[in-house]
Amino acid sequence: MWCNRSTALGFVLMTGLAAVTETGSAMSMLGSKHDLTSLDNRAGTGVMVGVAFENYQSTCVYCHTPHRPVSESSEGKAPLWNREYPVTEYKLYQSPTLDATISQPAGITLACLSCHDGSLAVDRVMKRPPISDTQALPKKHMHIARGGGDTQCSQCHRKGNENIKGIHDLGIAAFGNDLSDDHPVSITYPALLQDKQFNPRPGSDEFANGVKLFNGRVECASCHDVHNAKTKPFLRVGLQGSALCVTCHIK
Ligand code: HEC
Ligand code: HEC
Ligand code: HEC
Ligand code: HEC
Ligand code: HEC
């Protein structure tokens, strides 16, 4: 069954960019680090071309598919999702002053971790588009991980790589299974009056400045918008004056 929401997204995906700009949020995803079709251009040198991952020639397809996604309409999951969810067991944030109960991450956060924990290759999609460069060089289907192994982006992207001068270290994007030193995620936002240190939860789950909750919870995508590279790094709201943090916290 198609719910209205996924039909609307299917429409967006099929009609492409005109519709995307209409939502306003995906406007500046193209050409960003989340546009895998453009990474070779960003790299400039051509060194990644055709080797690290498959270029499906379509930005959205690494994450969404317009028809019959695996996880269709599952509550708390990313819409029209075209990737597997990782089955990694994560080390969670711990703190004596935390009120929220923390458990293994929910779908919206797992969607991010399907690339960022390094367990699944960035080009590992459930449904491939009809266009891809399968005929070109054999692909390594690389992972965002730190080890420097043959199927890891860090084979090139690591600190002190003598072979490629000036290459950036992608270690910071590689979470592995350790979320213990990151802002807690998949936690329920405190209800009104439950915690005086927090602004009231917005009725629509979206704060006026665009910061979002998902089913009342804080997820990676509360602070980040994968589709918008305007405020680095893919933030919904900038850090100037702690704007992002004081959306939720009263400090
Ligand atoms: C790197 C992964 C990734 C790529 C690439 C991506 N998305 Fe998304 N998208 C997500 C995730 C995760 C969510 C759920 C979290 C959220 O709503 O921000 C989402 C949510 C959405 C939504 C619903 C929420 C909203 O912001 O309106 C729409 C519509 C959408 N994506 C459209 C697109 C389109 C169109 C493209 C291609 C131009 C695209 N996405 C590319 C990961 C991605
Ligand atoms: C299809 C794979 C994929 C998915 C899914 C994905 N990312 Fe990424 N992300 C990447 C890649 C590739 C990079 C670039 C890493 C690098 O080279 O530094 C990146 C980089 C980032 C960066 C750093 C940007 C910068 O300017 O340095 C942030 C922040 C980020 N991702 C957040 C997210 C969040 C939050 C989600 C889920 C809502 C998500 N990503 C889902 C592939 C993905
Ligand atoms: C054969 C070596 C090599 C491999 C493997 C490789 N890259 Fe690259 N990549 C480069 C070089 C060289 C550049 C250009 C220098 C730079 O930006 O670090 C680059 C640039 C990039 C950029 C653009 C950086 C920017 O800010 O413009 C991103 C993002 C990126 N690579 C992500 C990845 C991801 C994700 C993988 C694994 C799926 C990967 N790379 C695998 C060599 C490689
Ligand atoms: C409470 C808000 C918040 C949440 C939740 C959050 N982030 Fe971030 N993230 C930030 C901010 C702010 C930065 C930039 C400052 C920094 O690097 O410390 C950042 C930085 C990053 C970077 C590094 C970008 C770079 O190159 O410096 C990545 C990758 C990233 N986040 C991914 C994620 C993922 C994946 C999740 C979920 C597991 C997540 N974030 C949850 C606020 C958040
Ligand atoms: C979308 C809402 C939201 C945003 C934005 C947000 N936080 Fe949080 N933060 C929370 C919630 C909810 C908790 C869990 C509080 C609890 O249960 O005690 C939390 C927990 C924390 C904790 C841990 C408190 C403890 O007792 O261990 C710190 C520190 C923190 N946030 C800092 C920040 C900073 C810094 C920023 C900006 C980069 C930020 N937060 C942005 C909602 C948010």
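These exercises work through a predicted model of a protein chain with ligands.

Residues are numbered from 1 along each chain as its sequence is written, while chains are lettered from A and ligands numbered from 1 in the order in which they are written. Because the model is predicted, local features need pLDDT of at least 70 and side-chain atom pairs count only at pLDDT 80 or more, whereas totals for chains, interfaces and linings use all residues.

**Exercise 1. State where confidence in the protein chain is lowest and where it is highest.**

Step 1. Begin with the term: pLDDT is the predictor's confidence in each residue, from 0 to 100. For the protein chain its mean is 85, and 83% of the residues reach 70 or more.

Step 2. Helices (H or I, at least four residues) and strands (E, at least two) are DSSP runs, numbered from the N terminus. Helix H2 (residues 17–23) has the lowest confidence, a mean of 37, and H5 has the highest, at 98.

Step 3. Over residues 1–26 pLDDT stays under 50, and the model has 29 contacts beyond four places in sequence for them. Two residues are in contact if their C-beta atoms, placed from the backbone, lie within 7 Å. Where pLDDT is low, the predicted coordinates should not be read in detail.

**Exercise 2. Describe the shell around ligand 4 and the shell around ligand 5.**

Step 1. A residue is near a molecule if its C-beta atom, placed from the backbone, lies within 6 Å of it. Around ligand 4 there are 19 residues, and Cys-112, Ala-173, Cys-220, Cys-223 and Pro-233 come nearest. Around ligand 5 there are 18, the closest being Ser-95, Thr-97, Ala-100, Cys-245 and Cys-248.

Step 2. The elements that give two or more residues to the shell around ligand 5 are H5 and helix H6 (243–248). H6 gives the most, with 4 residues. For ligand 4, helix H4 (107–116) and helix H5 (220–223) each supply at least two.

Step 3. Sort by class: Ala, Val, Leu, Ile, Met, Phe, Trp, Tyr, Cys and Pro count as nonpolar, Asp, Glu, Lys and Arg as charged, and the others, Gly among them, as polar. The shell around ligand 4 has 13 nonpolar, 5 polar and 1 charged residues. The shell around ligand 5 has 11 nonpolar, 6 polar and 1 charged.

**Exercise 3. Find the cis peptide bond and give the phi of Asp-205 and of Asn-215.**

Step 1. Most residues other than glycine have a negative phi, and most peptide bonds are trans.

Step 2. The cis bond joins Lys-232 and Pro-233, with omega about -15°. Pro-233 lies in the loop between H5 and H6.

Step 3. Asp-205 has a positive phi, near 70°, and Asn-215 has one of about 50°. Asp-205 sits in the loop between strand E1 (187–188) and strand E2 (217–218), and Asn-215 lies in the loop between E1 and E2.

**Exercise 4. Is Thr-59 buried or exposed?**

Step 1. A residue is buried if 20 or more other C-beta atoms lie within 10 Å of its own, exposed if 12 or fewer, and partly exposed in between; C-beta atoms are placed from the backbone.

Step 2. Thr-59 has 22 other C-beta atoms within 10 Å, so Thr-59 is buried. Its place is the loop between helix H3 (39–43) and H4.

Step 3. Not counting residues up to four places away in sequence, Thr-59 touches Met-29, Leu-30, Asp-35 and Thr-37.
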